[in-house]
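Have a look at the sequence and the model on the screen, and I'll walk you through a few places in it.

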Amino acid sequence: MMKDSISKEEIVLSGAPAAPGIAMGKTSLYQRSRPTVSSQNITDDEIDHQLSQFEKALGEAKEEIRKLQDTQENGEIKELLQAHIEMINDPDLRKRVEIEIKKYNQPADAAIEKVFGTYLDLMDNQQGLLQERSIDIEDVRDRLIHIINNNDIQDEIEQGSILIARELSPREVIEFSEQNIGGIVMDRGGTTSHAAILARSMQIPTVVGVENASTSIAGRELVILNGDRGEVLVNPTPATQAKYEELMARAADEQSEMEKICKSPNTTSDGASFSLQANIEFKEELAAVRSVRAEGIGLLRTESLYLRHDQFGEEKQQKAFYHAILEGTNPHPVTIRLFDAGGDKFFDQGQQEHNPFLGWRGIRMLLDERALFQEQLRAILETAVQYPGRVRLLVPMVSSLQEIAVIKEVIKETEEELAAKTNTTHIDIQLGIMVEVPSVAMQAEHYAEQVDFLSIGTNDLTQYLLAVDRGNERISGLYSQRHPAVWKMIRHVSEAGKATSRPVSVCGELASDPVAACCLLGLGINELSMTPGALPMVKKALCRHSLDEMRKLAAQVSESITVSDVEDAFVKFLANE
């Protein structure tokens, strides 16, 4: 339905940046049609027909998705669509719908509505990823009901327009991408929703979480979408249009430059080599990892496994996940961090902790929850057998040498169990620890002697070292990863690595800062891991400078006393480019 413009004056609407890029154009409005559902119960004589209708809908819905899969070349997009097929094939879902039809005389469409509604109600009580993925379930539900009721849905969207919607499912993003939409604006959804992941993969500028965009922006309204800043400009003035046209032209040039940078060797201006890896949590991020040519995964978070399955208890799914990551990054290494629940994560057994960041989290929790620990270890070790030398096991929140001894015992027990089952005599896997507790950093040489590698988590190391909760906005000004004490701690860990011949990497946010990355290289840490989007700019900085320049920067930073001193050193370093 067409709407009146919110105003003829230029207005800026804010949301979250979900897919980078700038787009300018007229808007097209989309509202998913909610199907009507039968309200009358069926007779016993109609049960078989309704069961048949349900089976028919399942078959047609799967065929639709398979046809969409066949049109896609991107493996991640195919996997997202496969997740919808698996949802349709879910035996529990099928059984519940059939019970509603057989036992309670519900027509097929009403049975689907009720069963899917139960799943959605559970997700409404969740936060983050699970809540965002409810859109996928709603889309499958609506397609099944539309098929049963023979509804022919036609979505008329103008070619090249900016699509305004309350929400979109992955299927809808793919279908609308075929109409060459210039950008997407959504009321709902987060940056980790499937729709957002697909938009990034397809390079469609997207802003999500723009409150009431679908009800306040008119059709055929001129808008500018800024996917880098999470902004939508409605009715931009001629001056604003000219400004963004210049930005778009500049962005096109920068994109071309970034592609060249990603293809160039990982060497400084004087020929010193370095390795840049990616921090990821989902299979859907593999496309971005490959596009920036990351040399493997420096941090694979595994918390989503718990999030997706309520309890681990799903070794098959875990192994499938690890397998997909290793296949998608061949021949590079993959560092799998053990389940790190607690603090700002979501693990909850009804135990309220006053200070969860310093509480029962990471390896502390896993050593208490031994079954959970061994379950994940089995999945990782069995996967490692198939990929010798490529899997690295990273232990979070280590705070004592005794913990490492116990970890090794558990790993040995699990290896022996696996050997008895599969006749595997040796598993080629490296063991490393996160250096995020100050006491571990201070005694890094003793910890390094017990493991194969060290990985510095600068996010937690900073908050523990500075006694600043990084999630507390009231004291956010005190949290700085550029603090001299943080750099002195990093230098100490780097030196401990050299003394014990153990590689040291950095996987915290500090590695995503181009100048900080130069300083890390100057300290002798030549393996950095970061979000895929940060990699090109970091690589550009590292390739532009010599190792000698970076060592001088590191020396200046090491002598700094205040955060301002460090920042001044960074500014001078940039000024010499």
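Residues are numbered from 1 along each chain as its sequence is written, and the side-chain values use heavy atoms, leaving out hydrogens and water. Please keep in mind that this is a predicted model, where local features need pLDDT of at least 70 and side-chain atom pairs count only at pLDDT 80 or more, while totals for chains, interfaces and linings use all residues.

Let's begin with T302, which lies in the loop between β10 (297–300) and α12 (303–309). Is T302 buried or exposed? T302 has a relative accessible area of 0%, so it is buried. On that scale, buried means under 20% relative accessible area, exposed means over 50%, and partly exposed is in between, using a 1.4 Å probe and protein chains only. Not counting residues up to four places away in sequence, T302 touches Y322, I336, R337, L338, F339 and Q376, where contact means heavy atoms within 4.5 Å. From T302 to N279 there are 23 residues in sequence and 11 Å in space, C-alpha to C-alpha.

Now the whole chain. You can count 24 helices and 16 strands in it. Its radius of gyration is 26 Å, close to the 25 Å from the globule rule for 577 residues, so the chain is as compact as a globular protein of that length. For that comparison, the radius is taken over C-alpha atoms, and the rule is 2.2 Å times the number of residues to the power 0.38. The C-alpha trace spans about 80 × 70 × 45 Å along its principal axes. Of the 577 residues, 53% count as buried. Among contacts with a separation of 6 or more, 69% come from residues 24 or more positions apart.

Next, a helix pair. In general, two packed helices are described by the angle between their axes and the distance between the axes. Here the pair is α21 (residues 514–522) and α23 (residues 547–558), whose axes come within 7 Å and cross at roughly 95 degrees. That makes α21 roughly perpendicular to α23. The cut-offs are under 35 degrees for roughly parallel, over 145 for roughly antiparallel, 65 to 115 for roughly perpendicular, and oblique for the rest. The axes are lines fitted to C-alpha atoms, for helices over the stretch in contact, with angles from 0 to 180 degrees between N-to-C directions.

Which residues do the touching? V515, C518, C519, L521 and G522 in α21 meet L547, M550, R551, L553, A554 and V557 in α23. They divide into 9 nonpolar, 1 polar and 1 charged, counting Ala, Val, Leu, Ile, Met, Phe, Trp, Tyr, Cys and Pro as nonpolar, Asp, Glu, Lys and Arg as charged, and the others, Gly among them, as polar.

C519 is buried, at 0% relative accessible area. C507 is buried too, at 6%, and its sulfur is 17 Å from the closest cysteine sulfur, in C519, again too far for a bond.

Now some backbone geometry. The peptide bond from N330 to P331 is cis, with omega near 10 degrees, and P331 sits in the loop between α13 (315–328) and β11 (334–337). R220 is not a glycine, yet it has a positive phi of about 60 degrees; it belongs to the loop between α9 (213–216) and β7 (222–226). At 46% relative accessibility, R220 is partly exposed. S501, also not a glycine, has a positive phi of about 55 degrees and is exposed at 63% relative accessibility.

One last stop: L528, in strand β16 (residues 527–530). L528 is buried, at 1% relative accessibility. Leaving aside residues up to four places away in sequence, its contacts include S275, V506, A517 and L542. L528 and P331 lie 197 residues apart in sequence and 18 Å apart in space, C-alpha to C-alpha.

Conventions:
Helix = DSSP H or I, 4+ residues; strand = E, 2+ residues; numbered from the N terminus. Disulfide = S-S within 2.5 Å.
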